[in-house]
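Here are a few exercises to work through with the model open beside you. Try each one before reading its solution.

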Amino acid sequence: MKNMMYAEALNEAIMEEMDFDKSVYYMGEDVRASIYGASNGLYKKFGAERVLDTPLSENGFIGAAVGSSLVGMRPIVETLTSFMWVAMDQLISQAAKMKYMFGGQASLPLTIRAVMYYGGGAAAHHSDRSYPMFMNMPGLKIIIPAFPEDAKGLLKTAVRDNDPCIIFEDGNLAGTRGDVLENSEIDSGELLIPFGKGKIIREGTDCTIVGIAGGNLHAISAAEDLEKEGISVEIIDPRTLVPLDKKIILDSVEKTGRLVVVDPAHKVCSAASEIISMVTEEGFWNFQAPPIKIAAEQVHIPYAPSLEPLIFPDKIKVIEAVRKTME
Amino acid sequence: MISKEKQVLMLTRMIRIRLFETAVIECHKSGEFIGGVHTYIGEEAVAVGACAALNDSDYIAGNHRSHGHPIAKGGDISKAMAEIFGKEGGYCKGKGGSMHLADFSIGILGESGIVASSVPVAVGAALAAKIKGEKFVSMVFFGDGASNQGACHESMNLAALWDLPVIFVCENNQFAVTTSYKDSVSVDHVSDRASAYGMPGLLVDGQDALAMFEATEEAVSRARKGEGPTLIEGLTYRYEDHSLGLAAVRRGAYRTEAEVEKWKKRDPIDLLKEKMISQKIVSDADVERLTEVERKSVEEAVEFARTSPFPGPEQLFEDMWTDPID
């Protein structure tokens, strides 16, 4: 085990994958200088041919990544969720639809690293948590790692995967630390975490909390407090939203009879909505209380530090929700 | 000097497109398929001239006016027609339709229903050539309307910045649906914009297949040498409305019959044919013969499309993923 930061784990994944396969290349804005950390050292090691600083043209370079993936390259594109809006045509009209539209002829081994900064006074234009919109579009695999080991293992899997993958990275987690399995500790010699396999972060018997991205951290601290009240919480991190590990969630709710979903994205048509809908359809009779969605309020992200924290899930909201399911 | 074989190939493919599109119109009129269709009649010299300068290992990407490009690159017209009919035997197993013909086996990376959306994609194929150090080039067809899209401008900047082997072929058929390029393009010619990106821009007679070929051949040669992209504007004209059926709903005129007739007098197939006959490359009889061969193969393509089955419900969820998920 090696203790490392979330951003370091991502960096290690990218390094390993660029070493592993020459068709992997890295592109984005300011990636050579690595202003966000995860591309640190890539330029020095792999050079200008495989580490591309792009103009501010997200639709252009994400489209170029799509086109290159059609002819055998495996691009990793670094961007922020908020800049993906100007590239929606390439992400949706091309990346998501091409394979099906062309009767299966296309393969798009494309990975988008979509970083979500929110909660730090970035205001409405730089605080997007947009994964629910992409879940709504068939053809994209949606990954939401919350811990360093998952960040490394899922990013590596995304790069090896032959379909378009968007890995939504919670910017609030970039500096968080965790233990990551070292390659020497793994039989296959490398950390590849399969998609569609959720993880039980904490076992419990009274209420299931499904944590999405940074929502897991609120769930963990809430669970610790609730334990003191005698409430035993089970936390499930689905780790990928497309595909979604329904079974791990349904099994947990079958055991606890209660469900709270903690999701930093806007609450309408959210990942939380989808998970609650799925459990309602497939596991309704296990509910002992109505499920609760703790997600971002349906309003834009205000700048003022007095307002912004009101929007997002936090420990107190999660504790209150769990207590409510226990009433 | 363009070889005799090359000229015959070009004439053949132009006639093939014309006959194919004529059959498409007939089948659409008789209600044999539904869905939007944009025909390439009148513009054949642009795609055929440009594609004649490519190898099979080169890539093309296209747009909603989508039948001419794959045929110009040597695509299979039976699979193309079956796709337009929405049949299982089509290029995309009936899932793409007219606007999404593609043949990855011969470098046709697909047509796009969103204008200019395939321009960045073609730039990406060229980027792959550069990273891999391979000699293939990439070509993208887009219209005068698409030339105003941000995707187009971003792509041209990227390609010129990185010296990518792309040939941007603007098929200026002069109208974005009904809006004249004179009312939508800020400069006299789309090709004028090339200088803004630091690449050569050529205005070419888009009715002259040989002129299109010569301009493209030079652009391809530059691209293969690593000297970067070229923007070629083929000034052309579409004989039909933007899409089949539009005339039925359109309330106002946007061009005169006289203008259409004037352009038809410079028909691209007639121009090439006459030049080849005058230079004794082909005879009238040769042209008649090859037209007959093409007519027959288009009839066979229609028959193939008619008899190919529709995809069954079991195929609805197929082709979503390369690495399937539950």
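**Exercise 1.** Find which residues have the most contacts inside the largest nonpolar core.

*Solution.* Start with the terms: a nonpolar core is a set of buried Ala, Val, Leu, Ile, Met, Phe, Trp, Tyr and Cys residues joined through C-beta atoms within 7 Å. Buried means 20 or more other C-beta atoms within 10 Å of a residue's own, exposed means 12 or fewer, and partly exposed is in between, with C-beta atoms placed from the backbone. The largest such core holds 194 residues, and I142(A), V260(A) and A122(B) have the most contacts inside it. Its top contributor is helix α5 (residues 118–132) of chain B, with nine residues; helices (H or I, at least four residues) and strands (E, at least two) are DSSP runs, numbered from the N terminus.

This is a predicted model, where local features need pLDDT of at least 70 and side-chain atom pairs count only at pLDDT 80 or more, while totals for chains, interfaces and linings use all residues. Residues are numbered from 1 along each chain as its sequence is written, with chains lettered from A and ligands numbered from 1 in the order in which they are written.

**Exercise 2.** Work out where P243(A) sits and which peptide bond there is cis.

**Exercise 3.** Is R239(A) buried or exposed?

*Solution.* Look in the loop between β11 (233–237) and β12 of chain A. R239(A) isn't a glycine, yet its phi is positive, about 65°. Now count: R239(A) has 28 C-beta neighbours inside 10 Å, so it counts as buried.
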